[in-house]
Amino acid sequence: MRPVLARGGWRLAGQMLLFQVGVLVLVVGIGAAVSIGFSLRAANAESRSKMLAISRTLARTPSVISAVQSPDPTRELRPVARDVQRDTGASFVVFMSPKGIRFTHPNPAQIGRHFVGNIAPAQHGRAFTETYTGTLGESVRAVAPIKDNGRVVALVAVGVLLRQISTEASRQIPTLVGLALLALAIGTLGSALLARRLRRQTLGLDPAEIARQYQHHDAVLHSVREGVLLVDDDRRLTLANDEARRLLELPADAEGKRVDELGLPARSAELLASGREATDQVITVGNRLLAVNQRRADESGAAAGTVATLRDSTELRVLTGKAEAARKRLKLLYDAAADIATTLDVTRTAEELVRVVVPRLADFATVDLAEPVLRGEEPGLVHGLVPVRRTAVQGIRDDHPLYRVGTELTLPPTTPQAAVLGGAPAMLMADLRTASQSWRVGDQDQAARIIDYGIHSLILVPLRARGVSMGMVNFWRAGDSEPFGDEDLSLAQELVARAALGVDNARRYTREHATAVTLQENLLPGTHVTHDALEVAHRYLPAQALVGGDWFDVLPLTGFRVALVVGDVVGHGLQATATMGRLRAAIHTLSDLDLPPDELLARVDELVTRIDQEETGRDRTPVAGATCLYAIYDPVGGGCTLARAGHLPPALVTPDGAVEYLDLPPGPPLGVGGLRFEAVDRQLPEGSRLVLYTNGLVEDRGRDVDAGLGLLRRALAGSGPTAEQTCTEILRTVLPAHPADDVALLVARTRMFRDDQVAQWDIEADPSEVGQIRTAVTEQLAEWGLEEVAFTAELLLSELVTNAVRYGTPPLRVRLIHDHSLFCEVYDASSTSPHLRYAAELDEGGRGLFLVAQLAERWGTRYTPSGKIIWAELDLP
């Protein structure tokens, strides 16, 4: 061998190095250019989305809506435009009239002039984006309509200049260039290493040296004790060494002939002529058993037929049967690992085990499990006997005499079956006819039927995992099958050991799942929820795999109002259920304070944030990710106030059958913090159906949320008028076949109080008004037929009105609501809440609220945006 730098080797390696470096430079350059182009394109698209979001947000801001309709819009809106432009990085924020006359502009000289650009879609109520050259240059802009009660009252345009976008994107160029140079350096280094490797492999050999190498290889080829054949693509034999000629008994002129002309056995000729790859494939030639390995051969990069090696393995013929049996056992173990314990179901796992072993190991197989195992509990003895239930049976025939699935068995302690269940190792009874009679003790008649049927061999294997004995598996052979042996016993134990882990996991899961379901059912409302203001129907469906954190509530509030709640805690399992219980308890408590929906969600959000900060540990997932929708319906007037925290919007079905999704500000999920919630007021006609739901109803692996919402809309349009009919139709039409998440559904059909159930008076802040109110209340109660409570109500309202006249702020208003109870309300514009105190014997005052508390069933204070309401509820006879 010559040195590495011998003649010829370096030149070839150098050419390859130059070629590879050139390709690297070209590819890296193109990649860098494409990356820069994509970066600019992505920056442009991001700017469009950002400008559109800013313009829509401004268009929905109440202060902006009122400002554009003020006498001097420019003065009101210029600070808003400057703040938005500064905070968001926009190049300009332009408010304009519906006809395009500017109210604001970064250049004051442009105020009052017509907006340069397209505004027609926005004038028709649609927000859009475009690239346009305006007074400041070419820019990406978004134009959105500003609506008031559905009417376009102004337009707002927000944009960013293209040169500003380009500047932002160009900041990434140094990074891209650096990455390109790094890639080029790595590629060049790799090419250099490859060239060095090539130099070491070729060694610069000249033709004479290559000839000598060929002679050496030829000598070795014909001296090895393994046959070597080379067959070209025309299926002609081009090379055969001496050993191959001997093994295949080839004629002297075999080279150059087609393989099928050599007189070989059909199977051998077919394999050698096929050209396919083979590894230790056994063929028979005469009395010889040959192992063939065949691969494709390459010559200078071009296919040149196949190379086959032949090894005489005649002496392995005796071992073939045992090898095949071992292969089948390994295949059975492999299949068992893949086909057993595919689900967390005890019965299903037992069925999978018997399906795998029949008929590959046994003719019949049965699984007997302790009854508590099927419920997820720990098994145990009952008065010295071992009770089990037959859980799975599989056989080559269906007319067998073995006990059927579901049969309860109580095994006497003297039987081998009971011994195996009690902790004894697996047992082999190769011949049941001559074995000990103890296995027949449990049922002599059954044992006789088994013998008469032809079942003659039995293996008993305990189903045991983590020190817990859960049952046993019985393997039976019948008819002409060979009796079980020690190898069969070992294989059966291995199979059952793998299945036992699956059964134990399923048992534990069954216990935990039952615990979680029970906990969740106890946390959710009862099956029947009623309220005078609403006709309510609801459904809760837990997920098939794990329970989750979905919940709903119907909470009665003061003044016969009612709160509707639907929420969803992200995740599954006991933790999600426990978190749901905490959130539900918090909402129950806060609802008693009569907080509006947005303020209630803000309080819950603070609570969740505090819980996460105080209790988050290594093994606990934060609560953030819970969503909630909270709505308050008032049957007096039909008003409904709604707010949501990251939850899907509710659906509304009006009495005429029209379906819409209420447009509510989404709000952040609970626990995110730092963002505000917004409430929306909506009048609901009597007979409307408000539908609240969680994402498990409309979202699934096979469809997105939009498709699910479309299905829900069609189901609501075709459902019956009652809340119960609506629930049934939704689940029939919209619910996925196999829900991956739990589902909470709440349908509320609205009712409204009649005018003759409500009485209301506006009063002056004058003590003389107290007597007039008492007279009016007495007359109204007489009209309602409530003379029995007239004195109590008159006295109670007298105290509340006197308190409002003395300490409240006008205007003052008194309202009575008559339903199953009498609700008395006194409104004033003050936000100061009265407090109950106990007067001393000599005090002249301080007994009014004490008297109210004694006369009323309940009383309290509810705050409104403009003041407060002191209310009291009286039970009716």
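The model is predicted. The chain holds 23 helices and 30 strands, and 45% of its 877 residues count as buried.

**Chain as a whole**

- Among contacts with a separation of 6 or more, 61% are between residues 24 or more positions apart.

- An open sheet is formed by 5 strands, ordered β26-β27-β28-β30-β29, with antiparallel pairing.
- The edges are taken by β26 (758-763) and β29 (858-864); each has a single partner strand, so one side of each is left without a neighbour in the sheet.
- From one strand to the next, the twist averages 15 degrees.
- Strand β29 is joined to β30 (residues 867-875) by 7 bridges, and the two run antiparallel.
- Arg862 has Ile869 in β30 as its bridge partner.

**Helices on the sheet**

- Helix α21 (residues 769-784) packs on the sheet and touches β26, β27 (812-818) and β28 (821-828).
- The direction of α21 makes about 170 degrees with that of β26.
- Helix α22 also packs on the sheet, where α22 touches β26, β27, β28 and β30.
- The direction of α22 makes about 15 degrees with that of β28.

**Asn803 in α22**

- Asn803 is part of helix α22, which spans residues 790-807.
- Leaving aside residues up to four places away in sequence, Asn803 touches Gly808, Pro834 and Ile870.
- Pro834 is 31 residues from Asn803 along the chain, and the C-alpha atoms of the two are separated by 8.6 Å.
- Ile870, another residue touched by Asn803, falls within the range 867-875 given for β30, a strand that α22 touches.

**Nonpolar surface patch**

- Leu26, Ile30, Val34 and Phe38 make up a nonpolar patch on the surface.
- Together these four residues have about 400 Å² of accessible area.
- Ile30, one of the patch residues, lies in helix α1, which covers residues 9-60.

Terms used: Residues numbered from 1 in each chain as written. Predicted model: local features only at pLDDT ≥ 70, side-chain atom pairs only at ≥ 80, totals over all residues. Heavy atoms only, no water. Helix = DSSP H or I, 4+ residues; strand = E, 2+ residues; numbered from the N terminus. Contact = heavy atoms within 4.5 Å. Pairing = 2+ DSSP bridges. Axes fitted to C-alpha atoms, helices over the stretch in contact; angles between N-to-C directions. Buried < 20%, exposed > 50% of the residue type's maximum accessible area, 1.4 Å probe, protein only. Patch = residues over 30% accessible without salt bridge, like charges linked within 9 Å, V, L, I, M, F, W, Y side chains within 5 Å. Areas by Shrake-Rupley, 256 points an atom, 1.4 Å probe, with all protein chains shown as cover. Salt bridge = Lys/Arg side-chain N within 4 Å of Asp/Glu carboxyl O.
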